[in-house]
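Hi there,

Here is the structure I promised to pass on.

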Amino acid sequence: MRAQYLTAALCIAILTSESTHCAPLPDLEELLDQQLNQLPTNTQVSTASRIERSSSDSMAVTHVITDKDIRQFNLQSLGDILALFAGIVTRDDSVFTYLSARGIGRPGDFNSRFLFLLDGTRMNENLLDAGILGYENFVDVGLIERVEYSPGASAALYGNNALLGVINIVTKTTSKLGDINIAASTTNDGAKHARITTGFRSSSGSDSWLSLSKTKVDSIAFPVLQVPAEVIKWQHLNKEDSTRVMFSHQTGSLQFQAAGSKRTRSFPDAYTLFQNNTPEIEKVQNEAYFLALTFDDKVSRDIEAYFHISTHGNDLKRSAPRILPNREVIFDRSLNSGRWSNLDGQLVFLGFDSHEFMVGFDFQKDHRQEFSYNAGTPSELDNYLKSNESRYGLYIQDLWRLSPKLKFQWALRHDNSDFSTARWSPSFTLKYQFADNHNLLIRHSRAFRVTNFLERNTNSVFYVPAPDNETLTYSEVSLVQRWTSSFSSFATIYQSNIKNLIHRDIFYPTYFNTPPITSQGLELGVDKRWYNGMSLVANMAFQRSELKGGFDIGNSPKFIGQLRFSVPLGQSGFLLSLHSHAVSERKSFGYTLPKFSSHDASLSWQSTNMLSVALGVRNITNEEILDITDDGFIPYVQRRRQVHLSVNWSWDND
């Protein structure tokens, strides 16, 4: 394991910060460029308390990746962005991208233990509670202003799925995108991407933009080891094609958003190849949309109001070929189809002395939850499941300023739904500023995840009781410190006690609850900036998750480390960015997956505010990285070496 390199980098950053602190005062030229040396202090975040506030006022550790980070490291998807956060690991089987954190990464869980938001709109779909991270996600990365991640149990404010953390994607406005913005990229392994965005700002202050993007990936390398030669020659049939469209209009306190995505993933079927010498094509197709209307403003001097309504749809179709004994080819087809609407609102009362009080509600109506499976010929395996559900949530939160240096925030939420018992979720956070820009946070909370449509109904088909809901009791202590204007650090120690974690049976297609799990860990990180624009961000996560009795759970590395470094190359406009990612060995279904360290490099150039170009290499050493993503016992190859070129051009009428 190369953890010692990351440890050394942390030490170097600390030592460097001390020498910088003792340096003589900068001259006039350095003062003019001083913003390059400053850590951002006014970044707005909302995931920690559902209220947008400066990150320095946040009552929980919230990590942020900005559009600047996305450009510097030439990130291509939401999965790439999330992989930069402390303690997070992503896994990819070339069809779906899976996410794990805090030692919990069950194969095949479809990211249902995270809550995903898009500008505050809940994005988890309503059959699997899945969070989508690939090209089928609504948002092109070029439209993202920042991504916020608040780790830990957050059900007291957000309810279901906020078990391991809350992730909020914040989109840009026309002032950032320009009147016309065009982006294109290509890679050496056949991926091509293009996006065009057009924006309009009126004299009255309204802001609108419309974006269309297209991604095609041809001849995708098969994600497994030792592929037979007779299969490799059909690799040109292994393809992906996705299209996304998104519209945003904001005027005053109102914002309207609409988005749609369509993705087709097709690949040659090996079983039909070996039987007929020619493969049939298996396809996975995903179509989704949403429309959302939001009101967010002060309704009086002391009251802030937020109201939101949205409607969503998601269809996932799969067709798989099968050969009958008479050599006839038929297709087995499955469909997951969901339609649902969300209504939520909150009022924040600011008129109380020393208190910031909030009340709110959430309501989700599932208009359609359908699953169907049809074999190509009549079969006892044919199945059709359907249900509708309503989910309710009420919550209160009080931020009590006990003194200028001491704050106490508590929250309590009540949730109920048609297919689950009612539950209460409390949260308590104490924040103490023991010195200027040095804060201690102590947090305790509970969270839950209810059985989703798939888990509940799959068990009913086989006359097995549905598993119980997952519950998590969470405690953490964090130090967030800003040593100078150019150097900060954080440290978090946490423990989670998880009951009834839901897991799919290895030998039978049903779900059951595991014994209690204890997950504990330590996360550390530093952020250092220099006057010439050089920056270093490093973080480590040490973690262990074990079942009652002392048995380690699967897919749970004990160490995750990252280092990001950027440096301008003189006055040329070129910026060199390096990213290293290291993960310790982990066990999954009897496999011992080897440790790895992967290194990426990106060279970007910006001639003006209008044109930028980036050339990067991912996994420079082409290290073989293996991971198991589902219950199929198959290790999939991750992050092969890739060379990518990106161009971005903006144009303004001003």
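Below are my notes on a surface patch, a helix and a sheet.

Please keep in mind that this is a predicted model.

I182, I196, L210, L212, V245, M610, W649 and W651 together make a nonpolar patch of about 670 Å². Two elements, β12 (207–217) and β38 (642–651), each give two or more residues to this patch. V245, another member of the patch, sits in strand β13, which covers residues 239–251.

Next, have a look at helix α9, residues 453–461. Its buried residues are F453, E455, R456, N457, T458 and N459. What do they pack against? Their partners are the strands β18 (355–374), β19 (383–403), β22 (438–449), β25 (502–504) and β26 (511–513). At the start of α9, a side-chain oxygen of N452 comes to within 3.1 Å of the backbone nitrogen of L454. After the helix comes Y463, with a positive phi near 55°.

Finally, there is an open sheet of five strands with mixed pairing, in the order β3-β8-β9-β6-β7. Its edges are β3 (63–66) and β7 (121–122), each of which pairs on one side only. Within the sheet, β8 (residues 144–151) and β9 (residues 165–171) run antiparallel and are joined by seven bridges.

Enjoy exploring, and write back with any questions.

Best wishes

Technical notes
Residues are numbered from 1 along each chain as its sequence is written. This is a predicted model: local features need pLDDT of at least 70, side-chain atom pairs count only at pLDDT 80 or more; totals for chains, interfaces and linings use all residues. Side-chain values use heavy atoms; hydrogens and water are left out. Patches are made of residues with over 30% relative accessible area and no salt bridge: like charges are joined within 9 Å, nonpolar side chains (Val, Leu, Ile, Met, Phe, Trp, Tyr) within 5 Å. Accessible areas come from the Shrake-Rupley method with a 1.4 Å probe; for residues, only the protein chains shown count as cover. A salt bridge is a side-chain nitrogen of Lys or Arg within 4 Å of a carboxyl oxygen of Asp or Glu. Helices (H or I, at least four residues) and strands (E, at least two) are DSSP runs, numbered from the N terminus. Buried means under 20% relative accessible area, exposed over 50%, partly exposed in between (1.4 Å probe, protein chains only). Contact means heavy atoms within 4.5 Å. A polar contact is a pair of N or O atoms within 3.5 Å; within protein, one must be able to donate a hydrogen and the other to accept it, and residues adjacent in sequence count only if both atoms are side-chain atoms. Two strands pair if DSSP finds at least two bridges between them.
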